[in-house]
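Biologist: Could you walk me through this model, a piece at a time?

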Amino acid sequence: MATAVGDDPESLMTLVTVFCLKNLRRTMCYSDQNRLRLRPDVFLPSEICDRLVHAYMDLVHTDSEFEPQDGFFQLFSDPRSTRITRLHLRDDFIRDRDLEALAKQDLMELQLSSCTRVTARGLRTLLRFRHSLLSLSLFGSSSLFFRPACDDEEEDGEQDTRAHTLDRSFSFQGFSRLRVLNVGGLTPELDVESLLTPLPSLSSLDLSGALVPRPAFLVQWRQRLAALVLYNVELTEELIHTLLQMSKLRHLDISRENQRSSKFKMTRKILSSLAQGLVDLVSLDISGHIMLDNVTVPALEDALGRPSIEPSKSSIYPFQELKRPLQFLGLYNTTLCTVTHIPAYKVTGSKNEDQILNAIEAYTEQRPELAHRAINQLFDIARIQHCSQLLRALQLVITALKTHKYDKSIQVTGSAALFYLTNTEYRSDQSVCLRRQVIQVVLNGMEQYQEVTVQRNCCLTLCNFSIPEELEFQYARVNLLLLRILEPLRQDESIQRIAVHLCNALVCQVDNDHKEAVGKMGFVKTMLNLIQKKLQDRMCDQVMEFSWSALWNITDETPDNCQMFLECNGMKLFLDCLKEFPDKQELHRNMLGLLGNVAEVRALRPQLLTKQFISVFSELLDSKADGIEVSYNACGVLSHIMFDGPEVWAMEEPLRSEVMDKMWAAIQSWDVSSRRNINYRSFEPILRLLAQSGAPVSQHWATWALYNLVSVYPGKYCPLLMKEGGVILLKRVLDLESSHQETKEMARKVMDQCETFKEDPMDTSR
C-alpha cells in the first residue's frame, strides 16, 4: 500500500534517545545533593554522546514541555566515561559554564551559533580544544570576544556587549589541526587578519560580514583553501585580485544581502576572470549583486532551445568559459536567475519553485534575512499557483521555523506558507508524522509571539487539521494557547473568531477527562467573559454564538463544568442574552442545549428551580426557532426537573401541572420526522427518564426523542440504543400503568425500528 509523503517512522535510536533525555534520573543519572550525576556503571561512546547532546538541544528549542536540566553538560565532563567529538550549540541558552564542563573532551567539531551569553571566558575554554579541533564555527557569537566588566559578573544576566571590553589578545595560535573555521557574523571591531594568521591547515573559511581592509593576508592559504565565504563583505578590486590567486578554491561565496548596500558592480570581466582563473570551482554564489547589462546574451538568443546546463550554451557569457556545469550557483536577488540556460545543477533565485526552494535550503541556517524573502515567494506559489515539491517545501519551512524560533519575520512568513501548504489541496499527500511536525512548529510560534499576524496565521493553519483528532497529541497545550489568546477582551476580531471556533471544535466529540481538564484551565470562565463583552457591545456575532456552542459542548456529561457555569454567573448571562437578542435562533438553540446539560446533573437542578427560570423555559416551549430545537431543548430541561417529583416544586407559580400541560402540548406539536441539529454520544441522560412513574411527561419526552432519532438516523442511533440497554427499558415503559397510551405506542415504534434495523442493518432509506 502506498504511503503518504514523509511517512517515515522515527528510528529506534531516536525514540530511545528522547526517552532517556526526558527521563534522565530513571535511566542514566541520579541526584547527588540536587546535582545531576552520571551513574557509575554508565559508559557512553562518542556516537551516543554526540546524539544525546544534539537531541537535547533540539528538545530545548522545539519542545515547550521539555524542562532543561541544570548541569546537563556536566554529565560529559569526564572523558573516561563519556566521549564527545562533535558538539553543536546555539542561541542564548548556552553559558560559559556549559562549555567549561566539556573542557577535558577531545572535541573534533564545535559549533557555537549565536551563543550570545558565552563571554571571553569561553575563549579560554576554547584553547583547551586547540590540539584536537578540526572544525570550528563561532557564527554570530560576538560576545565571545568581550570581557565582562568584572570577572565575577553574574552570567545568568543579559549580556550587554556595549558595556564590556573587546578582548584583542586571543588568536588561533596552536590550532594547528583546524581545517574548517567560521567566524562570520561577528563584531566588525575584530581584526580578522591578526586573529586568523596562525592557521597552517585551514581549508575552509567563512568571514561573513567581516571588514577585510587588507585582503592580501588570504594569500597565505592559496595552496590550501578550498572554500571561502565572504557574504556581505564589501568587494574591492584588491579583494578580487586576491581571490584570483586562490587557485585551489572549489567553493566561493561573494554574495550580498541586497543590492542597495553595495557600490560594487559585477561586470562581465570580473565574472570571466573568476570562471577562467578558478578552474576547480564547483560552487559559486554571487547573489545580491548588481549585474551590468552586458553579462547575458540577447533575449532572442536566450529564448532559443530547451533549457540547458551545458556551459557552451550558457545565457551568461562569462560562464561559457566553464569546463563543466557547477554543482551550485547562487543567483538569488539578481537578474541572472531569470535567463533560460544556466550552467549549474542547483540554482538559487526567484524565477521558479525549484530556485526558491534551493534558496530556502541554502540560506536558512545563517541567513534568515534571505530565507525570509524566499519563504515569502514560496507562499505566493502555494497561494496562487501550485506547489509541486510539497514534501521538500514543508520540510524546509518547518526547519526554518525551528531554527529561527525568535525571528519574527521568519515566523510570520513561515506560518503563512504553512497555511497554504497544509490546506485541502495538498492534504492527501501528507503523512501523520509530517502533519504533526507542522502542528508542533505552529504551536511554538503561538507560544513565542503575541503579535497579531503570527497568531492569526497559526490559528488559520490549525483550522486545516481534523479537530480534535489530529491535535489530540498536543491537546492540553493547544487549549492553553488558545485560551491565552482569548484572555484580552479587546483582541483582534478575526483572531478571536478563529480561536473560539477552534476551542469549540476541540471540546466537541472528546472524552469527559479531556473536557474536565480543559474546564480546569479556565475554559468556562473565558467563554463567559467573551459573552459578557459581546453583551456590553450589544453584538450577537459568530464569537457570541461559538462561545455558547463551546459551553454546550464542554458541559456535555461533565458535571464539574456545569457547576462552573452556574458559579460564574452563567444563568444571568443566559437571561440577558435572551432579552437582548430575542430573534437569534442559533444563539437560543446553543444556550438551551447547554442548559439541558446542566439540568441532567441532579445536584445542580435545584438552582434552576426558580420562578424566573421556570417561566422562561415554559415560554420557550412555544418557540419555533431553528425548527423544533429550541422548544425541544427547553422541554428537555423541564423534563429533568419534573423527574425529581412534585416534592421539590416549592414555588406557588407557575403551577407544576400547568407547566406539564404546556410540555405535553409542545411535544404533540413537533414533527417526529424532523431532521436534527444535534449529536448524542450517549442516550444515558434520556434513558434514565423512561422507567419511572413520577413524571409521565418526562417519560413521554424521552420516548419521543428516541423515536425521532432512531427513525430519522437509524444507522447511527439504533446500535447506540441497543448497546446501552434502551430496548429493555422501553419494555418496562409498556409494563408501567402510569405510562400514557400515547407513550406506549411510541415506545413500541422505537422497539420495532430497532428490530427492523437488526434484520437489515444496511437500510439507508432515511
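This is a predicted model: local features need pLDDT of at least 70, side-chain atom pairs count only at pLDDT 80 or more; totals for chains, interfaces and linings use all residues.

Biologist: OK, which residues does the UniProt domain annotation cover?
Modeller: The unreviewed UniProt entry places a "Zer-1-like leucine-rich repeats region" at residues 194-334; its positions are in the numbering used here, its name is shortened, and such annotations may be inferred rather than shown by experiment. Over that stretch the chain is 17% helix and 15% strand, and the C-alpha atoms at its ends are 34 Å apart. Helices (H or I, at least four residues) and strands (E, at least two) are DSSP runs, numbered from the N terminus.

Biologist: Now helix 17, how many of its residues are buried?
Modeller: Nine of the twelve residues of helix 17 are buried, so this helix is mostly covered, where buried means under 20% relative accessible area, exposed means over 50%, and partly exposed is in between, for a 1.4 Å probe and protein chains only. Among the buried ones are Tyr 475, Arg 477, Asn 479 and Leu 486.

Biologist: And what covers them?
Modeller: The cover over the buried residues of helix 17 includes helix 15 (432-448), helix 16 (452-462), helix 18 (493-506), helix 19 (512-520) and helix 20 (523-536). Helix 17 itself runs over residues 475-486 and reaches 17 Å from its first C-alpha to its last, close to the expected 16 Å, which is 1.5 Å times one less than its number of residues.

Biologist: What about helix 23, which residues are buried there?
Modeller: In helix 23 (residues 570-580), the buried residues include Gly 570, Met 571, Phe 574 and Cys 577, and what covers the buried residues of this helix includes helix 20, helix 21, helix 22 (559-567), helix 24 and helix 25 (611-620).

Biologist: Switching to loops, is Thr 364 buried or exposed?
Modeller: Thr 364 sits in the loop between helix 10 (353-363) and helix 11 (368-384), and it counts as buried because its relative accessible area is 6%. Apart from neighbours within four places in sequence, Thr 364 is in contact (heavy atoms within 4.5 Å) with Ala 371, Ala 400, Thr 403 and His 404.

Biologist: Last one, which residues have a positive phi without being glycine?
Modeller: Gln 33, in the loop between strand 1 (29-32) and strand 2 (35-38), has a positive phi of about 55°, and Gln 33 counts as exposed because its relative accessible area is 73%. Arg 538 also has a positive phi, near 55°, and is placed in the loop between helix 20 and helix 21.

Biologist: Why is Arg 538 called exposed?
Modeller: Arg 538 is called exposed because its relative accessible area is 61%.

Technical notes
Residues are numbered from 1 along each chain as its sequence is written. Side-chain values use heavy atoms; hydrogens and water are left out.
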